[in-house]
Amino acid sequence: MICQISSYELDRRIDEDSRPMPFAQLFHLTPDCLLSRKFLRGSKIGKPQAVIEPAPAKMFDVHPLHEYAQTYFNLTLPRVSIFHKPVNIDLKKRLEWENTIISTPLTRLSKDQVEVAIQAFRNVSGFMGNRASGKSQIDHCFKLLRNVVHRSPALKDEIYCQLCKQLTCNPSTNAILNGWLLLNACLVTFPPSPPLTRSLEKFIIAHTRADGNSKFYSEMIAYAQEALVSLACSATQGERKEIPSVAELKALQRHVPNDITVMLADGSSLIMQVSAWTTSQELASLVAHKLGVCHEKAFALFETNKEEQEFIVPDDERVLDLFAEWERTYIDANEVEKKEKSSGSLNSISEKIATQPAIEGYHLVYKAYLWVHVEDETAADVDLYYLQAVQNVLSGNYICDLDVAVELSSYQLYCTFGSISDLALSNLVDDVHRYIPNSLLSASNRVAIAKLVVASYNTLVNSRYVQSVQQARQAYLRLCKHQPFYGLTLYQVRNSHRITNFPLRIILTINDVGVGILGADSDEILQLFPYTNIASWGYSANSFVFKVVSKDLETEYSFKTTQGKSINDNVAALKLRIVKRKFSVQLMMLTSKVTDYLISKFFGFVMLRHPRSYKVGGIK
């Protein structure tokens, strides 16, 4: 089940956005409530909000957490001194809303967690709006989640109990809806313990059955239904690596899915909808389905950063965790920069993100992961391989001479314009860099190279060698396949064990031929190990290792890298495809032989039974 949750696009500026703010449709949060204090000056957001309508009636006679509370709640106040008797706490009141900050945690916690639990209650009350605070709501939410997410399950259960308490008999409908928003934010971040899950489920179900026709009831029921789905997902998928981003919280409030941008190799993009539980593998499958890709496993999602580094996203990585990590990295980098410049106090987290349309320099790219043989009928696969090959040629990743570059450009022009007889040279001179790598161009040779490109294109059109865009793309790929580095996936690693003849910084190359070693500062492969010689391979959190057998001599190669799993999966997938391809060829050959044998036996049998019915050598 996929829970649909948020848009990751943030408004560049609130004042410049002609569309209504996302929060305008909800009455329980004003347009400013999830923004920083800079946007809140002069507003009344820090003050208790006005009640829109009377508080709802109690949803249950016996609190759903009553049984859990009898076992796990702390129902005795600490003694003032050894001469005073312990004071018992009324369990019913312990499960209902309080307007003051609790003095002891609701559940039994260790001493080192007591202060964290009290602070968490302050954040819960501040977020819900029952307590005036100098912080914005988003700051309360981030502080609560960051203080709790890395701590024990007992403390996380405490937070869920605090939220259920403050949602019970709360006199403010605004605060109730805010509380449900925070409860949903917690559920998409970390799960409750199994004992609490059953009671929390009963609490949520009771609110999905609320009887009311007002806008408040419809909003609360929507939150409760989403919480029920999130509770089931969190129980099976566990805790997230990152807390929700600002955009994800906005989407939780708006009850909408997350619209994220997935880039393709040519810079075009797709808008995909994901949930807090969508993994990289699931998103890649959705993209493949949308594009009509046949060989899904040959493509994957990559993340790119502003240093132009590229990393494959692990299959089990949650997509929204990746975006949240980018947001956190961006914020941390800005904080370090401000500290180094000593340019005054730091702004709040929400202020930094509220003014940014996206996380600068970070992208999610869908591209080829395994460069394998592409069948003629898989048009979508050919298109994606072609787009990526064009980018690799123009960026210099595929090294080619001028003659090859000119021939490739003629295929690319055919894919762009089709078959035309009057391609203007004047139009091509200014755009020749779109077809020829910049390394081959200069101010003095642009016109001459443009003439070569036009001549090559005209020859291609007149020769009828290609008669469709699909054929032109396949011809482009066939020519690329003969160029150095075609189909290579590159991984920057370190020669930590000082293997002989290899520099300290090297690049590990993976394709369907084998594993290669490339110098970080050169364009030549230092050594290539075919898969037939690789006996085994493996990885750890910070290394990748493989063993090569040659002439009964086994050699181990170990490299330091944080992408060990990605390299391991890449090698494993390529070897599996090679084995499958060989098996398919062998199976076809065996099938052909068996078929020929059966046909010969059949006709031999018929001729023996009816010898006069067949002509042999023209004589009946």
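This note sets out, point by point, how the parts of the structure are arranged.

1. Basis of the note. The structure is a predicted model, in which local features need pLDDT of at least 70 and side-chain atom pairs count only at pLDDT 80 or more, while totals for chains, interfaces and linings use all residues. Residues are numbered from 1 along each chain as its sequence is written, and side-chain values use heavy atoms, with hydrogens and water left out.

2. Overall make-up. The protein contains 19 helices and 14 strands; helices (H or I, at least four residues) and strands (E, at least two) are DSSP runs numbered from the N terminus. Of its 620 residues, 47% are buried. Here buried means under 20% relative accessible area, exposed means over 50%, and partly exposed lies in between, with a 1.4 Å probe and protein chains only. A contact is defined by heavy atoms within 4.5 Å. Among contacts between residues at least 6 apart in sequence, 67% join residues at least 24 apart.

3. Aromatic pairs. A pair of aromatic rings is described by the distance of the centres and the angle of the planes. Rings of Phe, Tyr and Trp (its six-membered ring) pair if their centres lie within 6.5 Å; planes under 30 degrees apart are stacked, those over 60 are edge-to-face, and the rest are tilted. By this rule there are 17 aromatic pairs. Y160 and F190 form an edge-to-face pair, because their ring centres are 5.5 Å apart and their planes lie at 65 degrees. This pair links distant parts of the chain, 30 residues apart: Y160 is in helix α6 (residues 153-166), and F190 is in the loop between α7 (173-187) and α8 (194-208). Y160 is buried at 1% relative accessibility, and F190 is likewise buried at 1%.

4. Why is the pair of W180 and F203 stacked? The ring centres are 6.0 Å apart and the planes of W180 and F203 lie at 20 degrees, so the pair counts as stacked. W180 in helix α7 and F203 in helix α8 are 23 residues apart, and their pair links distant parts of the chain. Both W180 and F203 are buried. Elsewhere, ring pairs join F502, F529, F544, F546, Y557 and F559 into a cluster.

5. Charges over rings. A charge sits over a ring if NZ of Lys or CZ of Arg is within 6 Å of the ring centre and within 35 degrees of the ring normal. The charged end of R146 sits over the ring of F142, 5.5 Å from its centre. The charged end of K367 is placed over the ring of F302, 5.5 Å from its centre.

6. The nonpolar core. A nonpolar core is a set of buried Ala, Val, Leu, Ile, Met, Phe, Trp, Tyr and Cys residues joined through side-chain atoms within 4.5 Å. The largest such core has 156 residues, of which W180, L283, L364 and Y366 touch the most other members. Helix α7 supplies the largest share of this core, 10 residues. Beyond its neighbours within four places in sequence, L364 is in contact with residues including I260, L283, F302, V313 and W326.

7. Helix α7. This helix has 15 residues and reaches 21 Å from its first C-alpha to its last, close to the 21 Å expected at 1.5 Å a residue; the expected span is 1.5 Å times one less than the number of residues. Since 15 of the 15 residues of α7 are buried, the helix is largely enclosed by the rest of the structure.

8. N123 is in helix α4 (residues 111-128) and is buried at 1% relative accessibility. Leaving aside neighbours within four places in sequence, N123 is in contact with R131, H140, K143 and L144. I243 lies in the loop between α9 (215-237) and α10 (246-254) and is buried at 9% relative accessibility. I243 and L145 are 98 residues apart in sequence and 6.7 Å apart in space, C-alpha to C-alpha.

9. Positive phi angles. H255, although not a glycine, has a positive phi of about 60 degrees. H255 is in the loop between α10 and β3 (258-263) and is partly exposed, with a relative accessible area of 23%. R464 also has a positive phi of about 60 degrees although it is not a glycine. R464 is in the loop between α17 (446-463) and α18 (469-480) and counts as exposed at 58% relative accessibility.
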